[in-house]
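Work through the exercises below with the sequence and the model open. Each task is followed by a solution in steps.

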Protein chains: 4
Amino acid sequence: RAFSCGVAMAKSKFEYVRNFETDDTCLKNCYIVVRLDGRNFHKFSEQHGFLKPNDKRALGLMARSAESVMDNMEDVCVAYGQSDEFSFVFKRSTNLFKRRASKLMTHVTSQFSSSFVFYWAEYFTEQPLLYPPSFDGRVVLYPSNRNLRDYLSWRQADCHINNLYNTVFWALVQKGGLSTSQAEERLRGTVAGDKNEMLFSEFNINYNSEPQQYRKGTTLIWNMAEEVVTKKVKPANENEKEVHVTRTRRKIAAHHCDIIGEQFWEEHSGVLESD
Amino acid sequence: RAFSCGVAMAKSKFEYVRNFETDDTCLKNCYIVVRLDGRNFHKFSEQHGFLKPNDKRALGLMARSAESVMDNMEDVCVAYGQSDEFSFVFKRSTNLFKRRASKLMTHVTSQFSSSFVFYWAEYFTEQPLLYPPSFDGRVVLYPSNRNLRDYLSWRQADCHINNLYNTVFWALVQKGGLSTSQAEERLRGTVAGDKNEMLFSEFNINYNSEPQQYRKGTTLIWNMAEEVVTKKVKPANENEKEVHVTRTRRKIAAHHCDIIGEQFWEEHSGVLESD
Amino acid sequence: RAFSCGVAMAKSKFEYVRNFETDDTCLKNCYIVVRLDGRNFHKFSEQHGFLKPNDKRALGLMARSAESVMDNMEDVCVAYGQSDEFSFVFKRSTNLFKRRASKLMTHVTSQFSSSFVFYWAEYFTEQPLLYPPSFDGRVVLYPSNRNLRDYLSWRQADCHINNLYNTVFWALVQKGGLSTSQAEERLRGTVAGDKNEMLFSEFNINYNSEPQQYRKGTTLIWNMAEEVVTKKVKPANENEKEVHVTRTRRKIAAHHCDIIGEQFWEEHSGVLESD
Amino acid sequence: RAFSCGVAMAKSKFEYVRNFETDDTCLKNCYIVVRLDGRNFHKFSEQHGFLKPNDKRALGLMARSAESVMDNMEDVCVAYGQSDEFSFVFKRSTNLFKRRASKLMTHVTSQFSSSFVFYWAEYFTEQPLLYPPSFDGRVVLYPSNRNLRDYLSWRQADCHINNLYNTVFWALVQKGGLSTSQAEERLRGTVAGDKNEMLFSEFNINYNSEPQQYRKGTTLIWNMAEEVVTKKVKPANENEKEVHVTRTRRKIAAHHCDIIGEQFWEEHSGVLESD
């Protein structure tokens, strides 16, 4: 029993180690972006039979996991995903976790990862998950709306460039009968115009008619949805009766449109706070 | 098509946003500790019917998830867990992810979280997982072996103090018929000796005979295990034959012993590097 | 001689210690403010016979030292000083010292400190400097023009509040015959209106007629000054002749006006970059 | 007067900008090194007629300024300087300025810079200071005694290499009649042995007989010096009398010896704390 006392005292003797923790508070009045990337997803996608160039199940699961993150952190004002990456933008005035970078990035990464496994079977009904996948995350700050929008534009431009490449690449392989290294060779040095042309003349594919989800990625924002619910009330001196009450509820809405131009931001002007 | 060109060019125009990323390299020659904590696990454990004061399934699942982290990151030289937390210690000379704090903490958190869901059903055979849980993580650096050992001692002393409290608390509730608030009241102001005494005189429980896993937590280290494998070889001008080859393989070993004193570290002297 | 070789080789053996330096690059597109404060200037001002409540020589020397900083770092777009402190604002697009915080703050502090000693005798003609004084510095980032202007407003409001207090305090001591502790007592709990009233009714001082330099501090900005210089030129096939050339030169201009309101910023709209 | 009230209230409205300051506490239990370097000292030394390859006055002034830093910050356990640089090592347990990096580096830089100007005339009796010089500083942390000693060894090896080069270079120019570019050409590709040989055979200089101050730099540490002071005391019922009291006082001692090997550290074993 003396021993136990000893440990209790020992704890306070050891507690000085807490002071080795450092503060990583994010600068105020900046957008906080947490971006996740799948680790070794090239291999993961092969082992799980992802369809090429795009697997609708995988994109759906990524979006579902991102929604799970947003549901748990309402200060995410917009999220954008493509391929095996997803970015979560916290509003510049957020005070979640006192703006501590490590808390923000690990909580996002954790929620996303556990959701990815949890919802796997809803999207991959025939393909079991072979092992737990991993994502890495980082935090980046953007001081102005212009910088934040340029960040999102950068990711969407990246989506476009990769998707155009992959669309032609897999057409050459799957329909053109080329080996993967032949397809790579064929595409070396080509610009966007060449690739569009190849798709059209050789495979009769109009790239701009491909699904927007593949070409534009997935943008998640909060929508104010009006909901009519029925409530039973019993006013004094009256019989109980049913009344219809309109409630405003935040709901996540997914978009597959251009977010580089002005239109999206004008139509959803509440997403960003002014500088 | 001109549009696509535009986007390609746009990408390079937006790419300046990469320069807003900051460097978070950990100081060299320090131990890097990543500690995870379950978020809202009080509620989570109630919703999933965890046994009190200790749920062997939950502790097993935590340890299994931690092993999954170690299997993916061999530079973790020791890991220690108790309750809903787990600490991973990277050796001071590690160069994994170029010692970038965000990469280290998010990768650990992600692997742990996805493993927790992935292996859930192996441990909770009767209890389905109701929603994806979340863990948060942090990075702390320790410059000396003394500091690192004091950190681990701090966590193990914490384990002891909490477990002793919980053991008495739940004995009072489950066997003594007290309500939770009555039990709380009973324990207010008691020291370790009082609690040991209550356990013994009222419930005939010798605290020091409780399972070590509960009292000491779980320490994971790498063991060098010798393995004899059988290989078929065919020397030139000879028939194929079977040979026995001894290979050394790293395997994770779990311990439930004291790590505050010297003995554990003397017996496993290879775990820490010298100052 | 072998020894010397040894040292040369030794150097490369030791050079690994460079990797312990960490990166402290300031976030892009933010204003970088370096603020200096005199260390123990209460004692320093007494030992050097500073006049109370304001010493014109000391304020002049502070401003001269600040100009020396600006002359050496043209990316300072505005500087503001009062009492024993001075703030230097680097334009948000600066790339000086690659935006490394330690370089920026130590260079500013060093130039200011050496200038303070160097120019001392120009301002304190009768009072020798008794020992080398010291200033400490810090870096703060501001992401928006609003934040930056609020920072400067904060410092100017601080100047006002302190100067009003000091003006009454020293009037009570120097003209009212109170001891310093009696004066302190008298002022406890008074608001600005009370202090204005005391100055006016007891000492016939209208606070708003006090020198602006004392009430508003010193704001330094760059002015574009046109300068006409005479040059000798010799066109081909002509005699040498003198021509007048107008050159634009940046010069530092000192202001002692309000910088909280809009007027100053409208009149000097080039000082800040747009968000 | 209402206006003044307004400013007082305004101040609290603006005070939120304080929250943009970030914490830069240095990791505990690490040595904190602040290194200063002269800015543009090549030009500065030419403009002020520094003797080549070494100017005793300049080295003396550097050391005097460093002593001024140590006198103001007793937690500096050792300082080392050579050429236009000086490193200050704070003991690993220091809590000065709560270990805030910006405070430590700016205070050191400021004190050094103002001292350099303040003491200039004591060392450069014939040469006036033409303008205020500037130094930049940085902070580096070292977790172990080995790392710290390797840091100091790195600087002393650097001193040796540069001084050997400069000694030959200026011998070739000043005594050998070469131009500076001819001397540079002559030295290209030579190793330490070649340079020693050139010094000896062409100029009859034995490099190892050059002053240690030039070859080894300046190391400053604290010495405990016993001092006998005379005090007048008047015991009750006795006449006043003089007594001799021995006091221990810390004094700075300068060394120009090797600090790469063990000897210096064994002779001054109190300088570093154990790991």
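**Exercise 1. Charges over rings**

Task: Over which ring does the charged end of C:Arg155 sit, and at what distance from its centre?

Solution. The criterion is that NZ of Lys or CZ of Arg lies within 6 Å of the ring centre and within 35 degrees of the ring normal. The charged end of C:Arg155 sits over the ring of C:Trp154, 4.3 Å from the centre of that ring. In chain A, the charged end of A:Arg215 is placed over the ring of A:Tyr207, with 5.9 Å to the ring centre.

The model is predicted: local features need pLDDT of at least 70, side-chain atom pairs count only at pLDDT 80 or more, and totals for chains, interfaces and linings use all residues. Residues are numbered from 1 along each chain as its sequence is written, chains are lettered from A and ligands numbered from 1 in the order in which they are written, and side-chain values use heavy atoms, with hydrogens and water left out.

**Exercise 2. The sheet of chain C**

Task: State the strand order of the open sheet in chain C, and name the strands at its edges.

Solution. Step one is the definition of the elements: helices (H or I, at least four residues) and strands (E, at least two) are DSSP runs, numbered from the N terminus. Two strands pair if DSSP finds at least two bridges between them.

Step two is the order. The six strands of the open sheet in chain C follow one another as S4-S1-S3-S2-S5-S6, with antiparallel pairing. Strands S4 (135-142) and S6 (241-255) of chain C are at the edges; each has a single partner strand, so one side of each lacks a neighbour in the sheet. On average, neighbouring strands of this sheet are turned by 20° against each other, direction ignored.

Step three is one pairing in detail. Strand S1 (residues 31-38) and strand S3 (residues 85-90) of chain C run antiparallel and are joined by six bridges. C:Val33 has C:Val89 in S3(C) as its bridge partner.

Axes are lines fitted to C-alpha atoms, for helices over the stretch in contact, and angles run from 0 to 180 degrees between N-to-C directions. Helix H4 (residues 101-118) of chain C packs on the sheet and touches S1, S3 and S4 of chain C, its direction making about 140° with that of S4(C). Helix H3 (residues 56-72) of chain C lies across S2 (76-82), S3, S4, S5 (218-233) and S6 of chain C, and runs at about 60° to S5(C).

**Exercise 3. Aromatic pairs**

Task: How many aromatic pairs does a search of the whole structure find over all chains?

Solution. Rings of Phe, Tyr and Trp (its six-membered ring) pair if their centres lie within 6.5 Å; planes under 30 degrees apart count as stacked, over 60 as edge-to-face and the rest as tilted. The search finds 92 aromatic pairs over all chains. In one of them, A:Phe41 and A:Phe44, the ring centres are 4.6 Å apart and the planes are at 25°, so this pair is stacked. A:Phe41 and A:Phe44 are three residues apart in helix H2 (residues 41-47) of chain A, about one helical turn.

For burial, under 20% relative accessible area is buried, over 50% exposed and in between partly exposed (1.4 Å probe, protein chains only). A:Phe41 is buried at 8%, and A:Phe44 is buried at 1%.

The rings of D:Phe50 and D:Phe124 are also stacked, with centres 5.3 Å apart and planes at 20°. D:Phe50 is in the loop between helices H2 (41-47) and H3 (56-72) of chain D, and D:Phe124 in the loop between helix H5 (120-123) and strand S4 (135-142) of chain D, so the pair ties together parts 74 residues apart in sequence. D:Phe50 is buried at 14% relative accessibility, as is D:Phe124 at 1%.

**Exercise 4. Backbone geometry**

Task: Which peptide bond ending at A:Pro53 is cis, and what is phi of C:Phe97?

Solution. Most residues other than glycine have a negative phi, and most peptide bonds are trans. The bond from A:Lys52 to A:Pro53 is cis, with omega near 5°. A:Pro53 lies in the loop between H2 and helix H3 (56-72) of chain A. In chain D, the bond joining D:Lys52 and D:Pro53 is cis, with omega about 0°.

C:Phe97 has a positive phi, near 50°, and is buried at 18% relative accessibility. C:Arg99, not a glycine, has a positive phi of about 65° and is buried at 1%.

Definitions and conventions:
Contact = heavy atoms within 4.5 Å.
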